[in-house]
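Dear colleague,

I am handing over the structure below for your records.

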Amino acid sequence: MSTTHSRNRRLLVTSLLAATLPLTGFAAGDAPKEIRLDYAYYSPTSLALKRFGWLEEAVKPAGIEVKWTLSQGSNRALEFLNSGAIDFGSTAGLAAVLSRANGNPIRSVYVYSRPEWTALAVPKDSTIRSVAELKGKRVAATKGTDPYLFLLRSLQEAGLSRNDVEIVHLQHPDGRVALEQKRVDAWAGLDPHLAASELEAGSKLIYRNVNFNTYGFLNVSEKFLKVHPQQVKTVIAAYERARRWVIANPDDAAKLLAEEAKLNLAVAQAQLKRTDFSNPRIGREHHDALRAAAPILVEEELVRKGTDVAKVVTELIDPTHAAAVVAAKD
């Protein structure tokens, strides 16, 4: 069987699954008045779920409302979760570890993507060509997000520390503007802003490392998980429908992303090309990857002294709910 034929058949199967995937029902006494979620431009799956109303469709019989809040980065999603403003938030995996280690009572229950969504960028006419050359320079990053942690790991690999650069704390869109206006020398960017800066402003990526990009996690507050476990499965099932739609409809997914995030279509396509949606099951793979990455949190004193980060990772990841919902492999 040819590769093209296999791919077409796989897309057909996922499309059919997306249309027929049953969403979990409700147990007696297990229905909140509303379910509050974030959506984010770095999570195209969330955009599809919000656009098509599949979660609203699933919970309507129980009289449950769905409320959406835009997250501009993992730090914002985690702040919303910690304050109780949302029940579900989409973040990078290592950012979720950092947040839980510092007292945010969340659990990670699903993987919405495996992206290469961050890299180190410089202006188009910059002479900087390596991470080592960032010593003494100003670098924009959003604290508490994957790009910020990517920056720290990249510096460490190059024999530098965060004290060797001046980190300018800006939200992702503002970091892009600062880079293009040359108010900073480099930027730890996040898609789609990073892809837009590459294609529209000619910004150059001086360092990429897919292994320093952590997974896209769907997190839920422990309170919601304890009181409404059945609804956690309902949300995951709705996310599954959206994920499978994205896989089966890449062109439409790019158009949706472009429209929602107000991007050029080429930028949206670039973001999707470096995003893997194939494995939604959270588990050992993610546990091991985060434990390997976790030492940076201790070494850079981002967590309280004496924190057992390996234990935090184990407590964070809860694979049971996704395992109960995800019925087929892509």
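Two rings of Phe, Tyr or Trp, the last taken by its six-membered ring, are said to pair if their centres lie within 6.5 Å. In this predicted model, such ring pairs link F52, W54 and W245 into a cluster. A search of the whole structure finds eight aromatic pairs.

One of the eight pairs joins Y42 and W117. Its geometry is edge-to-face, with 5.9 Å from centre to centre and 90° between the planes. The pair links distant parts of the chain, 75 residues apart: Y42 lies in the loop between β1 (34-39) and α2 (44-52), and W117 in the loop between β4 (106-115) and β5 (118-122). Y42 has a relative accessibility of 5% and therefore counts as buried, the cut-off being under 20%. W117, at 3% relative accessibility, also counts as buried.

Charged side chains were found over aromatic rings as well. K50 lies over the face of Y39, at 4.7 Å from the ring centre. The charged end of R114 sits over the ring of Y215, 4.4 Å from its centre.

As for the chain as a whole, the protein has 16 helices and 11 strands. Of its 330 residues, 56% count as buried. Among contacts with a separation of 6 or more, 81% are between residues 24 or more positions apart. The accessible surface of the protein chain comes to about 14000 Å², and carbon and sulfur atoms account for 49% of that surface.

With kind regards

Notes:
Residues are numbered from 1 along each chain as its sequence is written. This is a predicted model: local features need pLDDT of at least 70, side-chain atom pairs count only at pLDDT 80 or more; totals for chains, interfaces and linings use all residues. Side-chain values use heavy atoms; hydrogens and water are left out. Helices (H or I, at least four residues) and strands (E, at least two) are DSSP runs, numbered from the N terminus. Buried means under 20% relative accessible area, exposed over 50%, partly exposed in between (1.4 Å probe, protein chains only). Contact means heavy atoms within 4.5 Å. Accessible areas come from the Shrake-Rupley method with a 1.4 Å probe; for residues, only the protein chains shown count as cover. Rings of Phe, Tyr and Trp (its six-membered ring) pair if their centres lie within 6.5 Å; planes under 30 degrees apart count as stacked, over 60 as edge-to-face and the rest as tilted. A charge sits over a ring if NZ of Lys or CZ of Arg is within 6 Å of the ring centre and within 35 degrees of the ring normal.
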